[in-house]
Amino acid sequence: MKNDKPVPEKDHLQDAVLHYLRHNPNAADSLEGIINWWLPKQGYEKVGMESAYQALEQLIAAGVVEKVLLVDGTVLYRLIVRVEE
């Protein structure tokens with residue numbers, strides 16, 4: 001049974017992405033992959049590209065998530081791993 005939550009606020013999307021990354025710290029995916037795989041696993045079946053993009057941009061601005069540009073132009077998003085000295 002699907003949990004079709006209403007379209008979430010950006011804060012909820014940020015929380016869902018962070019929850020996924022905390023449980024999968026080596027994960028990296030494209031915007032489409034996040035919408036199609038990560039967010040549905042958190043119960044968000046209907047998320048628009050713009051809403052997801054804005055949530056990811058806010059996580060980048062907060063220094064939690066980073067963009068990685070692949071040679072073919074694909075952009076991946078992943079958790080920033082801090083190495084303690």
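# Exercises on a predicted model

The protein contains two salt bridges, a salt bridge being a side-chain nitrogen of Lys or Arg within 4 Å of a carboxyl oxygen of Asp or Glu. The model is predicted, so local features need pLDDT of at least 70 and side-chain atom pairs count only at pLDDT 80 or more, whereas totals for chains, interfaces and linings use all residues. Residues are numbered from 1 along each chain as its sequence is written, and side-chain values use heavy atoms, with hydrogens and water left out.

## Exercise 1: The elements

Determine how many helices and strands the protein has, and in which order they run.

*Solution.* 
- Step 1. Helices (H or I, at least four residues) and strands (E, at least two) are taken as DSSP runs, numbered from the N terminus.
- Step 2. Under this convention the protein has three helices and three strands.
- Step 3. Read from the N terminus, the elements follow the order α-β-α-α-β-β.

## Exercise 2: The salt bridges

Identify which residue pairs with Lys-67 and which pairs with Arg-78.

*Solution.* 
- Step 1. Side chains of opposite charge can pair when their charged atoms come close.
- Step 2. Lys-67 forms a salt bridge with Glu-57, at 3.0 Å from N to O. This pair links distant parts of the chain, since Lys-67 belongs to strand 2 (residues 65-69) and Glu-57 to helix 3, ten residues apart.
- Step 3. Accessibility is classed by relative accessible area: buried is under 20%, exposed is over 50%, and partly exposed is in between (1.4 Å probe, protein chains only). Lys-67, with 40%, is partly exposed, and Glu-57, with 25%, is partly exposed as well.
- Step 4. Arg-78 forms a salt bridge with Glu-66, and the closest N and O atoms are 2.6 Å apart. Here too distant parts of the chain are linked: Arg-78 is in strand 3 (residues 75-79) and Glu-66 in strand 2, twelve residues apart.
- Step 5. Arg-78 has a relative accessible area of 36% and is therefore partly exposed; Glu-66, at 26%, is likewise partly exposed.

## Exercise 3: Two helices

Find at what angle helix 2 and helix 3 pack, and classify that angle.

*Solution.* 
- Step 1. Axes are lines fitted to C-alpha atoms, for helices over the stretch in contact, and angles run from 0 to 180 degrees between N-to-C directions.
- Step 2. The angle between helix 2 and helix 3 is about 95°, and their axes are 10 Å apart.
- Step 3. Angles under 35 degrees count as roughly parallel, over 145 as roughly antiparallel, 65 to 115 as roughly perpendicular and the rest as oblique. Helix 2 and helix 3 are therefore roughly perpendicular to each other.
- Step 4. Contact means heavy atoms within 4.5 Å. From helix 2, Leu-31, Glu-32, Ile-34, Ile-35 and Leu-39 meet Met-49, Ala-52, Tyr-53 and Leu-56 of helix 3.

## Exercise 4: The core and a buried glutamine

Name the residues of the largest nonpolar core that touch the most other members, and decide whether Gln-14 is buried or exposed.

*Solution.* 
- Step 1. A nonpolar core is a set of buried Ala, Val, Leu, Ile, Met, Phe, Trp, Tyr and Cys residues joined through side-chain atoms within 4.5 Å.
- Step 2. The largest such core has 20 residues, of which Val-17, Ile-34, Trp-38 and Leu-39 touch the most other members. Helix 1 (10-23), helix 2 (31-41) and helix 3 (49-61) each supply at least two of its residues, and helix 1 gives the largest share, six residues.
- Step 3. Beyond its neighbours within four places in sequence, Trp-38 has contacts that include Val-17, Tyr-20, Leu-21 and Tyr-77.
- Step 4. Gln-14 lies in helix 1. At 14% relative accessibility, Gln-14 counts as buried. Neighbours within four places in sequence aside, Gln-14 is in contact with Ala-55, Gln-58 and Leu-59.
- Step 5. Over the whole protein, 32% of the 85 residues count as buried.
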